[in-house]
Structure formats: C-alpha cells, structure tokens
Amino acid sequence: MEGLMMTPQLRLPPFLERAERYFGDREVVTRLAGSIRRSSWREVGRRARRLASALDGLGLAPFDRVGVLAWNTHRYVELYFAVPGAQRVLHTLNLRLHADQLAWVAAHADDRVIFVDEALLPLLEAVAPKLPRVQAYVVLGDGPAPKTSLSPVLDYEQLVERGDPDFRFADGPETEAALLCYTSGTTGHPKGVLYSHRSLVHASLMMTTVDGFGIGERDTILVAVPLFHAAGWCMPYVGAAVGAKLVLPGPNLQPADVLGAIDAERVTFSAGVPTVWNGVAALAESTGRTLAPLERVICAGSAVPAALIGRYERLGVTVRQAWGMTEAPLGTMSCLKQTTRAETPSERHAVLARQGLPIPTSEVRIVDADGRVLPNDGKSAGELEIRGVNVARAYFGDERGDETLHDGWFPTGDVATIDAEGYLVIRDRTKDVIKSGGEWISSLELESLLASHPKVAEAAVIARPDEKWVERPLACVVARDGQSVSAEELRSFLAPKVARWWTPETYAFVAEIPKTSVGKFDKKRLRERLQRGELTIVRAEE
Ligand code: ADP
C-alpha cells in the first residue's frame with residue numbers, strides 16, 4: 001500500500017485545483033429563467049472545499065452515498081467535486097423518474113444524505129417516507145429556507161458558509177469509489193454503476209483528445225446533458241481539467257434556451273442526446289437564426305441520423321457521435337479515417353453516422369447467441385461486447401459481481417456489425433430488434449432513413465405482431481411543423497434504399513414520439529400504446 005501511495009494517483013480533486021490555480025477567473029455560469037448566476041472556478045473550488053469539510057460534520061461514514069436531486073447548476077458542479085473530495089460517493093438521482101422508481105433507487109443506493117433543489121422538494125417529499133435511512137436533507141436554493149415536510153433539513157448556503165476554507169481534499173488510491181449513477185432504465189429496472197476516481201479521470205482525459213471530444217481551454221461548454229445522466233458525461237470534470245468556461249442551463253432545457261445560451265455566453269461546444277439537437281436544428285432553421293459561435297456538438301445516447309450531421313454542417317457546426325453506456329461511458333467515437341474513401345457530402349455523413357472506432361484503451365467485438373466471436377465483415381450481426389479501462393465490472397449491490405461479464409468482456413445488449421476497416425455500426429438494442437420471417441430488421445437504420453425525409457421531424461420504428469412473418473416494422477412518424485406526409489410517400493422514399501422486405505408497409509402518424517427520462521425514444525411506451533390499440537395504423541397502398 002505504501003508503494004502505491006507514493007505513486008501519484010488518478011484522482012478528481014487535482015482537476016479542480018488546477019482550474020482554481022490557473023483558470024480561477026474563468027466563469028461557471030448558471031442560467032435560470034429569471035436570473036443569471038456568475039461564478040468562477042476559483043469560487044467553485046472555495047465552496048467545494050468548504051462543503052467537503054461540512055460533509056464530515058453530517059455523521060457520514062467514508063464512502064456513504066450522498067444523493068443529489070437537482071437541475072444543472074453551479075451548486076451541482078460543486079457537489080461533483082466536494083463529495084468525492086471528502087471520500088463520499090456522489091449519487092446522481094434522476095429527477096425524471098416516477099416517485100416509486102426514485103424511492104427504489106435511493107433506497108437501493110442506501111443514500112444517507114440527499115441534496116435537493118428547492119424546485120424539486122415536492123417530488124422528494126413524496127418519497128421521503130420510504131427512505132428511513134436518510135439522516136439529513138440539504139436544500140439548494142437562494143432565498144430563505146422554504147417550508148418542507150423533510151426532516152431534518154439543512155440549508156446548502158449555510159453549510160457552505162460554515163465549512164472550513166482550508167479543508168484539504170482527501171488522498172487515497174485511485175480505485176476508490178467516487179460516483180454512483182443508475183442506468184436510465186430504457187429497457188428494464190435501473191442498475192447502479194459505481195465509478196472510481198480513476199475511471200472518471202480516464203474518461204475525462206479521453207474527452208479532451210482531438211479525436212475524442214476535442215475540448216480545450218478555449219472552449220465554452222454548454223452542459224446540455226443532465227448531470228444525472230451517465231455522470232453528466234463528465235462535463236464538470238472535463239471543464240475543470242482544461243479550464244474551460246462552463247454554462248449550466250438550469251431546469252427544463254428547451255431549444256430556445258439552447259440558442260439563447262449559445263448566443264449570450266458565446267458557447268463553442270456542447271453535448272447531448274440527438275433529440276435535443278434535432279429540436280435545436282429545427283428552431284434554428286425555421287427562424288433563420290445562426291448557431292455561431294458554436295463549433296462542435298457531441299451527440300450520444302442514441303443513434304445519430306446522417307441527415308442530422310448534414311443539417312448541422314449546413315448550419316456551420318460539426319456534429320460527432322459517441323457511443324456509450326452508463327456502464328461504459330465513451331466506448332466508441334465516430335470518425336472518418338484518412339484511408340476511408342468518401343467523396344461526396346452524403347458519403348461522408350454516412351460514414352460519420354456509424355458509431356466508429358473504440359477509443360484508445362477500449363476494445364470491441366461482436367458475438368453470436370452462443371458467445372462465439374463473429375467476423376468483422378460488415379455483415380455478421382451479433383451482440384456488441386466491450387472491455388477496457390472505463391468499463392464497469394459489476395453492478396452496485398449485485399451479488400453476482402463480475403459474473404455478468406463474458407470472459408472478461410461486458411455484454412452491452414446492443415446488436416452491431418463491425419466492418420473490415422473496424423467501423424462499428426449499432427443496428428439495434430437486442431430488445432428492440434424486429435424479427436421478420438426468421439431474419440431481423442434494424443429499426444435504427446429505418447429511423448435514420450426516415451429522418452432524412454424533408455417532411456419528417458422524428459421517426460421511431462417498432463415491431464408489430466404479424467401472423468405470417470411473426471413481426472413486421474411499424475414506422476411511427478411525426479411530421480415537421482405545418483407539413484403532412486402520407487404512408488405511400490414514405491414507403492416509396494424508403495423502397496429504393498433498403499431491401500424490399502425491410503420496407504415498412506404500415507405507418508402511424510403521431511403528434512410526438514414518447515421520450516425516456518433522458519430524452520431517448522421510449523419504444524417500450526410506444527409498444528404499449530400499440531398493444532392497447534391507441535395507435536392509428538395506416539397501410540401504404542402498393
Ligand atoms: P439506458 O440503457 O437506460 O438507456 P444508457 O444511457 O446507459 O441507459 O444507454 C446506453 C445505450 O444507449 C446503449 O446500450 C445503446 O443502446 C444506446 N446508445 C448510446 N449511444 C448510442 C449511439 N451513438 N448510437 C446508438 N445507440 C446508442
């Protein structure tokens with residue numbers, strides 16, 4: 001152990017210490033509806049240190065979980081550093097969960113203290129009776145303490161004020177637990193993923209690489225991804241590591257807020273799920289607004305249609321795609337290798353719409369149902385498996401430990417192909433695959449094609465039971481504002497682009513595609529709506 005402690009360890013606090021020392025004046029801005037709070041890395045450091053010392057006074061044992069139920073603000077950024085810096089585990093609670101699920105997650109994590117945004121008090125009050133082990137609630141807000149049934153209740157600002165400004169962040173092995181995040185549960189019960197200091201430092205550094213997210217000091221980062229989704233894609237850590245300006249958008253981020261923040265704060269970089277960026281592009285196009293000075297956007301969380309990459313190119317912004325999971329943040333990055341032939345814009349966009357290559361220190365492979373490794377021929381489809389430095393080895397509180405791994409590889413639940421050049425393409429989630437006549441159809445590919453139709457705003461494709469073929473694709477389509485599109489139009493648009501038997505013959509025109517708590521298409525809910533007969537199905541005439 002002594003030898004280990006002499007080797008400098010990969011821990012999170014040095015990121016903040018560097019930001020304070022060299023980029024102390026660089027801003028950390030919170031944009032709320034009625035007010036803008038301008039903080040700085042110096043202030044975040046000062047307050048995080050005081051807060052870390054105050055945690056010692058709350059009766060928490062080392063590595064006890066500290067829950068946070070909050071929107072993206074400077075206070076959340078402070079907690080991202082203070083909690084692991086005080087050798088406790090930051091548990092990022094998903095504020096879009098139903099009360100029952102929230103109670104389940106907080107109890108499963110055994111949260112001992114919960115920090116909560118004033119605006120989210122009613123949600124937490126509803127579940128608090130189910131959380132007898134919570135010792136204290138801390139309210140994040142600006143004004144006087146609000147009325148609440150939570151007890152005992154403390155005030156964040158007072159806690160910070162009373163804290164020790166000379167507190168030194170804890171030292172220890174890099175393998176110590178730092179942050180606990182549950183999957184969003186798109187296809188099942190949420191599962192807890194425990195990150196070490198090492199894995200978060202590693203993922204953050206990968207994001208700063210040019211072929212990663214390419215984030216540097218010159219950047220102003222708009223944190224468009226909720227800080228509760230997959231460790232906030234490490235945005236607070238990356239921002240501090242390089243000394244970038246950070247913009248936190250507060251509650252209920254809408255496309256107009258994104259455009260407003262980009263303009264007012266001179267945002268150059270952002271990251272988020274494709275649905276957010278789809279909405280932003282639509283607003284920019286319909287209002288003729290420019291996205292300057294935004295340069296780059298990283299889209300991840302679900303597949304990025306080639307059409308979206310093209311739309312952003314026309315708006316002067318580079319969109320790159322990352323594939324990742326809560327269990328493997330940043331697994332692959334889209335890219336166009338120098339040796340890959342792609343001449344026209346649409347050829348380039350098609351390559352960039354692939355999920356790309358594993359990041360350095362990760363490996364990917366695909367396996368068949370019997371666990372045999374499949375060839376990289378671009379055709380053989382199987383379950384994607386990944387291994388590497390930042391891939392989880394077990395779930396929190398799961399007694400099976402790393403038995404869930406397959407020969408040391410993490411099975412992702414995604415169906416993919418890998419071609420001879422190494423490009424990975426995610427075809428589907430295993431649970432979303434459409435099995436038609438013994439073969440399968442990629443819902444993601446159909447969605448990506450439908451999204452390139454000029455009259456389509458969004459499209460999700462799900463399986464519809466069929467007597468003859470077992471399942472057939474049903475395309476659920478949202479038309480762009482003021483447009484109407486017919487089943488026949490869509491069918492003849494798809495027909496030349498995919499195999500005949502892939503072309504959906506049925507369509508459901510809907511006002512919107514339901515979204516999960518982190519903004520992905522919620523196909524579980526769409527399937528339920530189909531089962532309950534709530535979707536009006538239109539058959540395209542041949
Ligand atoms: P949940 O499984 O609850 O949605 P995650 O946010 O961890 O939680 O989701 C990981 C999953 O998201 C991946 O397994 C994959 O299905 C999907 N995903 C993430 N990034 C991409 C991408 N670039 N393209 C396609 N699918 C993606």
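What we have here is a predicted model, in which local features need pLDDT of at least 70 and side-chain atom pairs count only at pLDDT 80 or more, while totals for chains, interfaces and linings use all residues. Residues are numbered from 1 along each chain as its sequence is written, and side-chain values use heavy atoms, with hydrogens and water left out.

Let me turn to the sheets, with the note that helices (H or I, at least four residues) and strands (E, at least two) are DSSP runs numbered from the N terminus, and that two strands pair if DSSP finds at least two bridges between them. Seven strands form an open sheet with mixed pairing, in the order 7-6-5-3-4-8-9. Its edge strands are strand 7 (153-155) and strand 9, each of which pairs on one side only. Neighbouring strands of this sheet are turned by 25° against each other on average, direction ignored; axes here are lines fitted to C-alpha atoms, for helices over the stretch in contact, and angles run from 0 to 180 degrees between N-to-C directions. Within the sheet, strand 3 (residues 65-69) and strand 5 (residues 111-117) pair in the parallel sense over five bridges, and the partner of Gly67 in strand 5 is Ile114.

Which strands does helix 4 lie across? Helix 4 lies across strand 3, strand 4 (89-92), strand 5, strand 6 (136-140) and strand 8, and runs at about 145° to strand 4. Twelve of the twelve residues of helix 4 are buried, so this helix is largely enclosed by the rest of the structure. Its end C-alpha atoms are 16 Å apart, which agrees with the 16 Å that twelve residues should span at 1.5 Å a residue, the expected span being 1.5 Å times one less than the number of residues. Just after helix 4, Gln87 takes a positive phi of about 60°.

Helix 8 (residues 197-208) lies across strand 8 and strand 9, at about 80° to strand 9. Nine of its twelve residues are buried, so helix 8, too, is largely enclosed by the rest of the structure; among the buried ones are His197, Leu200, His202 and Met207. The buried residues of helix 8 pack against helix 2 (13-23), helix 4 (74-85), strand 8 (177-182), strand 9 (192-196), helix 9 (235-242) and strand 15 (328-333), contact meaning heavy atoms within 4.5 Å.

Now to the aromatic rings, where rings of Phe, Tyr and Trp (its six-membered ring) pair if their centres lie within 6.5 Å, planes under 30 degrees apart counting as stacked, over 60 as edge-to-face and the rest as tilted. By this rule the count comes to ten aromatic pairs. One of them is the tilted pair of Tyr80 and Tyr237, at 5.3 Å centre to centre and 55° between the planes. Because Tyr80 lies in helix 4 and Tyr237 in helix 9, the pair ties together parts that are 157 residues apart in sequence, and both residues are buried. Our opening residue, Tyr182, forms an edge-to-face pair with Trp104, at 6.5 Å centre to centre and 85° between the planes. This pair links distant parts of the chain, 78 residues apart, with Trp104 in helix 5 (residues 99-109) and Tyr182 in strand 8. Is Trp104 buried or partly exposed? At 32% relative accessibility, Trp104 counts as partly exposed. Ring pairs also link Trp41, Tyr76, Tyr80, Phe81 and Tyr237 into a cluster.

That leads to the nonpolar cores, a core being a set of buried Ala, Val, Leu, Ile, Met, Phe, Trp, Tyr and Cys residues joined through side-chain atoms within 4.5 Å. The largest has 121 residues, and those with the most contacts inside it are Trp41, Phe81, Phe115, Phe213 and Met235. A second, separate core of 24 residues includes Leu222, Val247, Ala261 and Val319.

Finally, an open sheet of four strands has the order 17-18-19-20 with antiparallel pairing. Strand 17 (362-367) and strand 20 (424-429) stand at its edges, each with a single partner strand, so one side of each is left without a neighbour in the sheet. Neighbouring strands here are turned by 50° against each other on average, direction ignored. Four bridges join strand 18 (residues 382-388) to strand 19 (residues 410-418), with Phe410 in strand 19 as the bridge partner of Ile386.

How values were computed: Buried means under 20% relative accessible area, exposed over 50%, partly exposed in between (1.4 Å probe, protein chains only).
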